[in-house]
Amino acid sequence: MSVAILREGDYLIAAILSDLTDKEVVKLRGDLIDLVGKYRSRGLVIDVSALEVIDSFVARALRSIVLTVQLRGAHAVIAGIQPDVAIALVQFRLNLHPLRVALDLDSARTLLDHLTSGEAEDGR
Amino acid sequence: MADEVRVVIADDADLVTARAEARAIAERLGFPRPDPTLIATAISEIARNIVVHSGGGEIVLRPFEDRNRYGLIVIATDRGPGIRDVEAALRDDYSGRGGLGLGLPGARRLMDEFELESDAENGTIVTMKKWRYRDELARLREERRRRA
Amino acid sequence: MDRDAERPDPDEETERQSEEDAAAESHEEDATEDSHEVDAAEDSHEEDGDEESDEEDEDEESREEDAGEESYEADPLLQELVAYLREKRTDLREEWARRINEADLLGVMSDDEVFSEATEVFDNYVDALETGSIENLQTYARELSERIIPRGVETDEVLGIVLLLRDVLARELFAKYQEDSEHLNRILDAYEPAANRIAVTVGVSFVEERERVINEQQEAIRELSTPVLQIRERLLILPIIGVLDSSRARQLTQQLLAAIRDNRAAVVVIDITGVATIDRTVANHLVQAVEASRLMGARTLLTGLSPEVTQALVDLGVDLSMMQTVGDLQGGLEEAERLAGYRGPRATDETRGAES
């Protein structure tokens, strides 16, 4: 299994477990959009900490997922970008703006709590 | 000196292999972080181009070294229809969305050297290199040599 | 690493390639001469593999062949003089130790130490003369260097004692063969190139070991000079002092990102009070460090910008709006604490938060 998707109350947590083929990325996108709709999730976390490479295709897919679920009223956070991957994204000039990012799952949940409760935004 | 590695690129599953092989060989050669990731990311872009824009091809990962430097040469070839407008492809914002098009300008930014040849007859050859000086003294030696 | 945008010289590479090819060919010839089984495979990888195991098996044989190839005619002469030098080992060693003392070399070592090292050098020297192989000599020279460099032995001393040994042995050969000048000449023809190569090998090994030590020390200094400190939970400070070059900036970024991950930092203060000048490359590195930190959910404050540095950054076209800058460190720390939730109510500034 390459992605683990869990439902935690109002949140949907998608943990990518290993490097994905393009087809798997596309499937993931479809699944997450469906599930967010199905469960009426208020928040989605995509944990990418297992990804050692994030290239333009994955970045585009992540952005597409986030923007689409936002249209369905859910907040989305990308969690766990690894240091080397962060450097690669920056050097590549792969702009993930305006996606929200968090250090890890815990921080992502905290961020979602803030976002969904309508409070002022703060990273932790 | 490590041997060269050859990865056949036919479908998107091969991209996973290409990324893994790239990181592995870069680490074996002693590239410090984040270079293995940068190399793998650049190769991912090039490999995808092969899958998407041609019928298939291959990527060769070839180590090289001299007295002052060590590095990796990446040669990606395909027999596709070629890139019609190479200049445009290499320009940033080719697809108009922050360079997320052919990924070539991005790959070039991640590597130290980048060359591309493409035409309808011979397909496309992308040659990229990344290298490091062995240490500070090697860097000084090399700079002295180049100035001479 | 500062890289000139120059490519490696393609001619250099082709030269190197043909050198490598030539070397590979001579290895192959050695292998077949000894009728070791070599797969006549097309794949060059297989040939390389075989060559390696062949080499191990016939190391001694090929060394002899090498020595023979180089001074084929003088080979029996080398054997002759080596045998003689071994015979006179004790005397020669004493003479050498005496001259080392006279020349005031190896002052940091005691007489006993000098004698014991002298013995080892002598024996390795004569072995190298005999076999023509410098590999053992290189290994020994490296080990010797590792031992004596921390003691403070200098390059001129090492070269000095090796050349003294060369002289002592040469004098001895003169003395023995002075009756027959033709024989003496042939002996010297065999001895001199071998002795010179030994001197160069030992000298170079010593210098290379020194360079290695200096490199290590430099690395250690660099690590120390870019410490990332956790001053509060989730709040890091990275004070940068001194010269900031490309390779240091790269190291700084690595350390910073690792620290963000390890400390789960929400806010980072990068203080550049101690940095006098920044050029474009370094400024870019800094900006990249800030952006990469952001992708890991951390906000960065840049503090300690002097008016000069600020102007330089602006002139370089660095987009300072992407980062938060505060003039002095104190103000920066206060703001950082506020951002991290340590002081007063959280601001509702929409640029805050973990937006990428």
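## Elements and model

Helices (H or I, at least four residues) and strands (E, at least two) are DSSP runs, numbered from the N terminus. The model described here is predicted.

## Cis peptide bonds

In chain A, the loop between helix 3 (83-92) and strand 5 (100-102) holds Pro98(A). The peptide bond that joins His97(A) to Pro98(A) is cis, with omega at about 0 degrees.

Chain B also has a cis peptide bond, between Arg33(B) and Pro34(B), where omega is about 5 degrees. Pro34(B) sits in the loop between helix 1 (12-29) and helix 2 of chain B. For context, most peptide bonds are trans.

## Helix 2 of chain B

Helix 2 of chain B covers residues 35-53, 19 residues in total. From first C-alpha to last, helix 2 of chain B reaches 27 Å, close to the 27 Å expected at 1.5 Å a residue. Of its 19 residues, 17 are buried, so helix 2 of chain B is largely enclosed by the rest of the structure.

## Positive phi in chain C

Most residues other than glycine have a negative phi. Leu106(C) is not a glycine, yet its phi is positive, at about 55 degrees. Leu106(C) lies in the loop between helix 5 (89-102) and helix 6 (111-131) of chain C. Leu106(C) counts as buried because it has 23 C-beta neighbours inside 10 Å, and the cut-off is 20 or more.

Arg234(C), likewise not a glycine, has a positive phi of about 70 degrees. In chain C, Arg234(C) is found in the loop between strand 1 (229-232) and strand 2 (235-241). With 21 other C-beta atoms within 10 Å, Arg234(C) is buried.

Definitions and conventions:
Residues are numbered from 1 along each chain as its sequence is written. Chains are lettered from A and ligands numbered from 1 in the order in which they are written. This is a predicted model: local features need pLDDT of at least 70, side-chain atom pairs count only at pLDDT 80 or more; totals for chains, interfaces and linings use all residues. The expected span of a helix is 1.5 Å times one less than its number of residues. A residue is buried if 20 or more other C-beta atoms lie within 10 Å of its own, exposed if 12 or fewer, and partly exposed in between; C-beta atoms are placed from the backbone.
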